[in-house]
Amino acid sequence: MKIKCLMIDHDDTAVNSTELINYPCYVEFMKKYYSDKPILTIEMWYEVLWNIGLVEYYKTEVGLTDEMLQFEHSYWKKYISEKPRPPFFDGFIDLLKRFKEQGGIVAVVSFSSKEVILKHYNEATNGEFIPDEIFGYQHGHPEFSKPNTYPIEQLIKKYGFKPEEMVMVDDMKEGLIMASRVKGVKSIGVQYSEGHGKTIDQMKEYCDFIAYKVSDIAEFIGLTSEE
(Lines give C-alpha, C1' and ligand atoms only; values in the text may rest on other atoms or scores of the structure.)
Protein backbone atom coordinates (compact mmCIF):
# COMPACT_ATOMS: atom_id res chain seq x y z
CA MET A 1 0.00 0.00 0.00
CA LYS A 2 1.69 3.18 -1.20
CA ILE A 3 -0.85 5.55 0.34
CA LYS A 4 -0.22 5.96 4.06
CA CYS A 5 -2.62 8.81 4.88
CA LEU A 6 -6.26 8.88 3.83
CA MET A 7 -7.83 12.31 4.31
CA ILE A 8 -11.61 12.21 4.06
CA ASP A 9 -14.42 14.71 3.98
CA HIS A 10 -17.46 13.89 6.12
CA ASP A 11 -20.81 15.01 4.67
CA ASP A 12 -21.72 13.23 1.41
CA THR A 13 -18.33 11.53 1.33
CA ALA A 14 -18.55 9.42 4.49
CA VAL A 15 -22.17 9.94 5.56
CA ASN A 16 -25.28 10.36 3.41
CA SER A 17 -26.30 13.69 4.90
CA THR A 18 -27.61 15.74 1.98
CA GLU A 19 -30.08 13.23 0.56
CA LEU A 20 -31.50 12.30 3.97
CA ILE A 21 -31.09 15.47 6.05
CA ASN A 22 -29.82 18.69 4.48
CA TYR A 23 -31.79 18.70 1.24
CA PRO A 24 -35.15 17.72 2.84
CA CYS A 25 -34.55 20.45 5.44
CA TYR A 26 -33.96 22.99 2.66
CA VAL A 27 -37.17 21.96 0.88
CA GLU A 28 -39.20 22.23 4.08
CA PHE A 29 -37.72 25.65 4.89
CA MET A 30 -38.43 27.00 1.42
CA LYS A 31 -42.03 25.75 1.40
CA LYS A 32 -42.70 27.36 4.79
CA TYR A 33 -41.02 30.73 4.32
CA TYR A 34 -40.30 31.28 0.61
CA SER A 35 -43.06 29.43 -1.20
CA ASP A 36 -43.00 32.03 -3.98
CA LYS A 37 -39.44 31.07 -4.90
CA PRO A 38 -38.50 28.05 -7.07
CA ILE A 39 -37.15 25.08 -5.14
CA LEU A 40 -33.96 23.49 -6.41
CA THR A 41 -33.90 19.83 -7.36
CA ILE A 42 -31.27 17.82 -5.51
CA GLU A 43 -29.11 17.89 -8.66
CA MET A 44 -29.38 21.69 -8.80
CA TRP A 45 -28.66 21.83 -5.05
CA TYR A 46 -25.30 20.12 -5.56
CA GLU A 47 -24.49 22.47 -8.44
CA VAL A 48 -25.17 25.44 -6.16
CA LEU A 49 -23.00 23.97 -3.41
CA TRP A 50 -20.21 23.39 -5.91
CA ASN A 51 -20.38 26.76 -7.68
CA ILE A 52 -21.33 29.43 -5.14
CA GLY A 53 -22.20 27.80 -1.82
CA LEU A 54 -25.45 27.75 0.11
CA VAL A 55 -25.11 31.11 1.87
CA GLU A 56 -24.50 32.98 -1.38
CA TYR A 57 -27.46 31.19 -2.96
CA TYR A 58 -29.76 32.18 -0.11
CA LYS A 59 -28.59 35.79 -0.28
CA THR A 60 -28.56 36.36 -4.04
CA GLU A 61 -31.14 33.91 -5.40
CA VAL A 62 -33.67 33.72 -2.57
CA GLY A 63 -33.12 37.13 -0.99
CA LEU A 64 -32.44 36.22 2.63
CA THR A 65 -31.31 39.04 4.89
CA ASP A 66 -28.54 38.48 7.43
CA GLU A 67 -31.23 38.07 10.08
CA MET A 68 -33.03 35.42 8.03
CA LEU A 69 -29.74 33.64 7.33
CA GLN A 70 -29.27 33.30 11.08
CA PHE A 71 -32.83 32.05 11.41
CA GLU A 72 -32.30 29.51 8.62
CA HIS A 73 -29.20 28.21 10.39
CA SER A 74 -31.17 27.83 13.63
CA TYR A 75 -33.95 26.11 11.70
CA TRP A 76 -31.44 23.65 10.24
CA LYS A 77 -29.87 22.93 13.64
CA LYS A 78 -33.29 22.20 15.14
CA TYR A 79 -34.21 20.04 12.15
CA ILE A 80 -31.11 17.85 12.37
CA SER A 81 -31.46 17.53 16.15
CA GLU A 82 -34.85 15.89 15.63
CA LYS A 83 -33.72 13.46 12.93
CA PRO A 84 -31.65 10.27 13.13
CA ARG A 85 -28.00 10.81 12.32
CA PRO A 86 -27.28 10.16 8.64
CA PRO A 87 -25.80 6.72 8.01
CA PHE A 88 -22.36 6.05 6.62
CA PHE A 89 -22.34 4.90 3.02
CA ASP A 90 -22.30 1.12 2.66
CA GLY A 91 -18.77 -0.21 2.96
CA PHE A 92 -17.20 3.07 4.05
CA ILE A 93 -16.40 2.14 7.66
CA ASP A 94 -15.10 -1.26 6.51
CA LEU A 95 -12.80 0.50 4.05
CA LEU A 96 -11.40 2.73 6.80
CA LYS A 97 -10.91 -0.21 9.15
CA ARG A 98 -9.02 -2.17 6.51
CA PHE A 99 -6.87 0.86 5.73
CA LYS A 100 -5.90 1.24 9.40
CA GLU A 101 -5.30 -2.49 9.80
CA GLN A 102 -2.80 -2.27 6.96
CA GLY A 103 -0.91 0.54 8.67
CA GLY A 104 -2.66 3.64 7.33
CA ILE A 105 -3.64 6.84 9.12
CA VAL A 106 -7.19 8.16 8.70
CA ALA A 107 -7.76 11.92 9.00
CA VAL A 108 -11.12 13.65 8.63
CA VAL A 109 -10.95 17.09 7.00
CA SER A 110 -14.41 18.62 7.12
CA PHE A 111 -16.52 21.74 7.57
CA SER A 112 -18.51 19.85 10.20
CA SER A 113 -17.52 20.28 13.83
CA LYS A 114 -15.17 17.80 15.47
CA GLU A 115 -17.84 17.08 18.07
CA VAL A 116 -20.44 16.08 15.47
CA ILE A 117 -17.96 13.94 13.54
CA LEU A 118 -16.90 12.08 16.69
CA LYS A 119 -20.53 11.41 17.58
CA HIS A 120 -21.20 9.96 14.15
CA TYR A 121 -18.27 7.54 14.34
CA ASN A 122 -18.95 6.59 17.96
CA GLU A 123 -22.61 5.86 17.31
CA ALA A 124 -22.04 4.03 14.03
CA THR A 125 -19.30 1.76 15.39
CA ASN A 126 -20.11 1.65 19.12
CA GLY A 127 -16.78 3.34 19.69
CA GLU A 128 -14.84 0.64 17.86
CA PHE A 129 -13.51 2.95 15.15
CA ILE A 130 -12.41 6.56 15.57
CA PRO A 131 -10.30 8.43 12.98
CA ASP A 132 -6.71 9.13 13.99
CA GLU A 133 -7.11 12.86 13.38
CA ILE A 134 -10.10 15.17 12.91
CA PHE A 135 -9.76 18.64 11.40
CA GLY A 136 -13.24 20.05 11.93
CA TYR A 137 -14.38 23.59 11.31
CA GLN A 138 -13.21 26.11 13.91
CA HIS A 139 -15.42 29.19 13.97
CA GLY A 140 -13.43 32.34 13.31
CA HIS A 141 -10.39 30.46 12.02
CA PRO A 142 -10.86 29.71 8.31
CA GLU A 143 -7.10 29.38 7.97
CA PHE A 144 -7.35 25.99 9.68
CA SER A 145 -9.88 24.69 7.14
CA LYS A 146 -9.76 23.51 3.54
CA PRO A 147 -9.00 24.78 0.93
CA ASN A 148 -6.10 26.04 3.05
CA THR A 149 -3.35 23.47 3.47
CA TYR A 150 -3.11 23.55 7.27
CA PRO A 151 -4.45 19.97 7.73
CA ILE A 152 -1.91 18.55 5.28
CA GLU A 153 0.93 20.50 6.85
CA GLN A 154 0.03 19.28 10.34
CA LEU A 155 -0.20 15.66 9.21
CA ILE A 156 3.20 15.85 7.52
CA LYS A 157 4.69 17.47 10.61
CA LYS A 158 3.27 14.88 13.01
CA TYR A 159 3.66 11.67 11.00
CA GLY A 160 6.45 12.48 8.55
CA PHE A 161 4.43 11.63 5.45
CA LYS A 162 5.69 12.42 1.99
CA PRO A 163 3.03 14.24 -0.06
CA GLU A 164 2.98 11.29 -2.48
CA GLU A 165 1.78 9.08 0.39
CA MET A 166 -1.34 11.18 0.98
CA VAL A 167 -4.73 11.36 -0.72
CA MET A 168 -7.78 13.56 -0.12
CA VAL A 169 -11.33 12.27 -0.72
CA ASP A 170 -14.12 14.83 -1.12
CA ASP A 171 -17.40 15.45 -2.93
CA MET A 172 -16.79 19.21 -3.12
CA LYS A 173 -13.96 21.22 -4.61
CA GLU A 174 -12.54 22.74 -1.40
CA GLY A 175 -10.84 19.52 -0.35
CA LEU A 176 -9.67 18.84 -3.89
CA ILE A 177 -8.20 22.34 -4.16
CA MET A 178 -6.43 21.84 -0.83
CA ALA A 179 -4.78 18.69 -2.16
CA SER A 180 -3.72 20.42 -5.39
CA ARG A 181 -1.89 23.10 -3.41
CA VAL A 182 0.64 20.61 -2.06
CA LYS A 183 2.61 19.05 -4.89
CA GLY A 184 2.39 15.28 -4.86
CA VAL A 185 -0.83 14.92 -2.84
CA LYS A 186 -3.48 13.03 -4.79
CA SER A 187 -7.22 13.59 -4.70
CA ILE A 188 -10.37 11.54 -5.27
CA GLY A 189 -13.68 13.15 -6.11
CA VAL A 190 -16.73 11.12 -5.09
CA GLN A 191 -19.97 10.83 -7.04
CA TYR A 192 -21.86 8.08 -5.24
CA SER A 193 -24.31 10.29 -3.33
CA GLU A 194 -27.75 10.78 -4.89
CA GLY A 195 -27.86 13.88 -7.10
CA HIS A 196 -24.17 14.47 -7.70
CA GLY A 197 -24.26 13.71 -11.42
CA LYS A 198 -24.27 17.26 -12.78
CA THR A 199 -20.95 18.13 -11.12
CA ILE A 200 -18.94 15.32 -12.76
CA ASP A 201 -17.42 17.39 -15.58
CA GLN A 202 -16.42 20.19 -13.20
CA MET A 203 -15.03 17.71 -10.69
CA LYS A 204 -12.76 16.13 -13.30
CA GLU A 205 -10.85 19.43 -13.51
CA TYR A 206 -9.94 19.28 -9.83
CA CYS A 207 -9.13 15.66 -8.99
CA ASP A 208 -6.95 12.74 -10.06
CA PHE A 209 -9.70 10.14 -9.93
CA ILE A 210 -13.48 9.92 -9.53
CA ALA A 211 -15.09 7.28 -7.32
CA TYR A 212 -18.57 6.25 -8.41
CA LYS A 213 -18.83 3.76 -5.56
CA VAL A 214 -17.02 3.34 -2.24
CA SER A 215 -15.01 0.37 -3.49
CA ASP A 216 -13.44 2.60 -6.16
CA ILE A 217 -11.58 4.42 -3.37
CA ALA A 218 -10.01 1.18 -2.18
CA GLU A 219 -8.92 0.40 -5.73
CA PHE A 220 -7.26 3.79 -6.25
CA ILE A 221 -5.29 3.72 -2.99
CA GLY A 222 -4.13 0.15 -3.56
CA LEU A 223 -5.91 -1.30 -0.55
CA THR A 224 -5.59 -5.07 -0.62
CA SER A 225 -8.68 -7.22 -0.40
CA GLU A 226 -9.79 -8.89 2.80
CA GLU A 227 -8.67 -12.47 3.09
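Guide: Glu133 counts as buried because its relative accessibility is 15%; buried means under 20% relative accessible area, exposed over 50%, and partly exposed in between (1.4 Å probe, protein chains only). This is a predicted model, in which local features need pLDDT of at least 70 and side-chain atom pairs count only at pLDDT 80 or more, while totals for chains, interfaces and linings use all residues. Residues are numbered from 1 along each chain as its sequence is written, and side-chain values use heavy atoms, with hydrogens and water left out.

Visitor: Where is the place of Glu133, and which residues does Glu133 touch?

Guide: Glu133 is in strand β3, residues 133-135. Helices (H or I, at least four residues) and strands (E, at least two) are DSSP runs, numbered from the N terminus. Not counting residues up to four places away in sequence, Glu133 touches Val106, Ala107, Val108, Leu155, Lys158 and Tyr159, where contact means heavy atoms within 4.5 Å.

Visitor: With which side chain does the side chain of Glu133 make a polar contact?

Guide: A polar contact is a pair of N or O atoms within 3.5 Å; within protein, one must be able to donate a hydrogen and the other to accept it, and residues adjacent in sequence count only if both atoms are side-chain atoms. Here the partner of Glu133 is the side chain of Tyr159, at 2.6 Å.

Visitor: Is Pro131 buried or exposed?

Guide: Pro131 counts as buried, at 6% relative accessibility. Pro131 sits in the loop between α6 and β3 and touches Val106, Val108 and Tyr121, again not counting residues up to four places away in sequence. The C-alpha atoms of Pro131 and Leu118 are separated by 8.4 Å, although these residues are 13 residues apart along the chain.

Visitor: How many salt bridges does the structure hold?

Guide: Side chains of opposite charge can pair when their charged atoms come close. The structure holds 10 salt bridges, each being a side-chain nitrogen of Lys or Arg within 4 Å of a carboxyl oxygen of Asp or Glu. One of them joins Lys100 and Asp132, with the closest N and O atoms 3.2 Å apart. Lys100 lies in helix α5 and Asp132 in the loop between α6 and β3, so this pair ties together parts that are 32 residues apart in sequence. Lys100 is partly exposed at 29%, and Asp132 is partly exposed at 28%. In the pair Asp216 and Lys213 (3.0 Å, N to O), Asp216 is buried at 8%, whereas Lys213 is partly exposed at 46%. Lys78 and Glu82 pair at 2.6 Å, N to O, and both are exposed. Asp9, Lys146 and Asp170 are linked in a network of salt bridges.
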